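Please examine the structure shown below together with its sequence. The paragraphs that follow lead through it step by step.

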Amino acid sequence: MTEPPQTAEPTAPEPEAAPAPAVDGRASQTPAAVRRRAVLAGAAVSALLILAIVLGSRLLRDFDSALLPYAVATVFLAFGVAYRYTVWISAPGARRLFRQGWRSFFSVDNFRKAPTALPKMIATYLGFQKFLGARSHARWAAHQLLFWGCVLAALITFPLTWGWFTFTSSTGDGPGYEMRIWGFKVLGFDSLNILGWLMFHGLDIAAVLVIAGASYFLWRRMKDRAAITGQRFAYDLIPLIALIVISVTGLLLTFSSIFLHGGGYEFLAILHMVSVVFTLIYIPFGKFFHIVQRPAAVGMQLFKYTSRRKDEELRTCRRCHEPIDTPDYVENLRGTMKDLKLDFDEWAEYCPRCKRVLRGNAYLTHVKKGFK
């Protein structure tokens, strides 16, 4: 095996006496400043959502007061997502990824050269999540069930909670109904046909999908040794249990109304409401936050794809001279490492294999000889 050049070996960064001042004119990224911006962002998003609820429900004429706890929980959800997202993109690495992603998204040149790239990546990374299929087909299928079940439930629940959707009947109890959005009639249907059944049981279908997907992951976390060793109860198991409780109590509400003539409905409704409210408030501060982060990964993939379509040559490894990636992507990685004050950003110009060789050589040269 060829010995790596001595100049390429990693060196430990020197300790710093004080943080360096901002060099680009931005305010210092102190924790207090980040929290203030995050609180302001959360308050602004929450206020906009409240305004949208009031206007979308026609000044609350279509708002169902029985759904008030759900609506309040969505306002807290909006605040938490905006707060956590602002804190997240304040970190140097996330901020650079965020900027590069949006720059690629709004680039007219990228759209002209690759007009179908963004829709394909949205379908691949957000919709069908093909990257999970490379790990396990079973995990991919379970994740698809969980993902589409949650999407379906959100598309139905949120507009109903906010008073944007209403279902009205001229006779009071059907079977003819009208679906209205923001007060405008969109669709008329008969509750006794297949379309009516799907309209009124969409949440039940979503619950079945979520139970199937969440149960698989819960079973895997109890049986798979690799999952057991690294899992945390509050972070990994509570979200799955919450989704199953929401889905099961939702199905039991339907069962109670159809087969038990409303028996136990009030208790089930309260249990269902508590589980939904808890989960909505938990989303920004738990594992479900990756739902909000995932679109940023799409932007970064678009940046990589569009940079590779250029006529420039790929950057080669400094050791073995094998192609690594485009110069734009390598320089972006080096910039992120410099932002994080990692004083070995030149390692971005080495391929994965050579990085392992260099690390092994550094261990043999600087660490293991101390035990001789």
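**A guided reading of the model**

In this predicted model, Met-179 stands opposite Leu-187, a residue of strand β3. The two strands concerned are β2, residues 176-181, and β3, residues 184-190, and they pair in the antiparallel sense over 6 bridges. Together β2 and β3 form a hairpin, with 2 residues between them. Trp-182 lies in the turn and has a positive phi of about 55°. As a general point, side chains in a regular strand alternate between the two faces of the sheet.

The helices come next. How do the axes of α2 and α12 lie relative to each other? They come within 8 Å and cross at roughly 10°. Angles under 35 degrees count as roughly parallel, and α2 and α12 are therefore roughly parallel to each other. On the side of α2, the contact is made by Pro-69, Tyr-70, Ala-73, Thr-74, Phe-76 and Leu-77. On the side of α12, it is made by Ala-269, His-272, Met-273, Val-276, Val-277, Leu-280 and Ile-281.

Leaving aside neighbours within four places in sequence, Leu-280 is in contact with Tyr-70, Ala-73, Thr-74, Leu-77 and Phe-158. The largest nonpolar core has 19 residues, and within it Leu-146 and Leu-280 touch the most other members. At least two residues of this core come from each of α2 (68-89), α7 (137-162), α9 (202-223), α11 (233-259) and α12 (265-282). Which helix gives the most to this core? That helix is α11, with 5 residues. Apart from this core lies another, of 8 residues, which includes Ile-53, Phe-63, Ala-78 and Trp-162.

The cysteines complete the picture. A disulfide is a covalent bond between the sulfur atoms of two cysteines. How many disulfides does a search of the whole structure find? The search finds 0. For Cys-320, the nearest cysteine sulfur is that of Cys-351, 3.6 Å away, and Cys-320 is in no disulfide. A disulfide requires two cysteine sulfur atoms within 2.5 Å. Cys-351 is likewise in no disulfide; the nearest cysteine sulfur to Cys-351 is that of Cys-354, 3.4 Å away. Cys-351, with a relative accessible area of 10%, is buried, because buried means under 20%.

Note on methods. Residues numbered from 1 in each chain as written. Predicted model: local features only at pLDDT ≥ 70, side-chain atom pairs only at ≥ 80, totals over all residues. Heavy atoms only, no water. Core = buried A, V, L, I, M, F, W, Y, C linked by side-chain atoms within 4.5 Å. Buried < 20%, exposed > 50% of the residue type's maximum accessible area, 1.4 Å probe, protein only. Helix = DSSP H or I, 4+ residues; strand = E, 2+ residues; numbered from the N terminus. Contact = heavy atoms within 4.5 Å. Pairing = 2+ DSSP bridges. Axes fitted to C-alpha atoms, helices over the stretch in contact; angles between N-to-C directions. Parallel < 35°, antiparallel > 145°, perpendicular 65-115°, else oblique.
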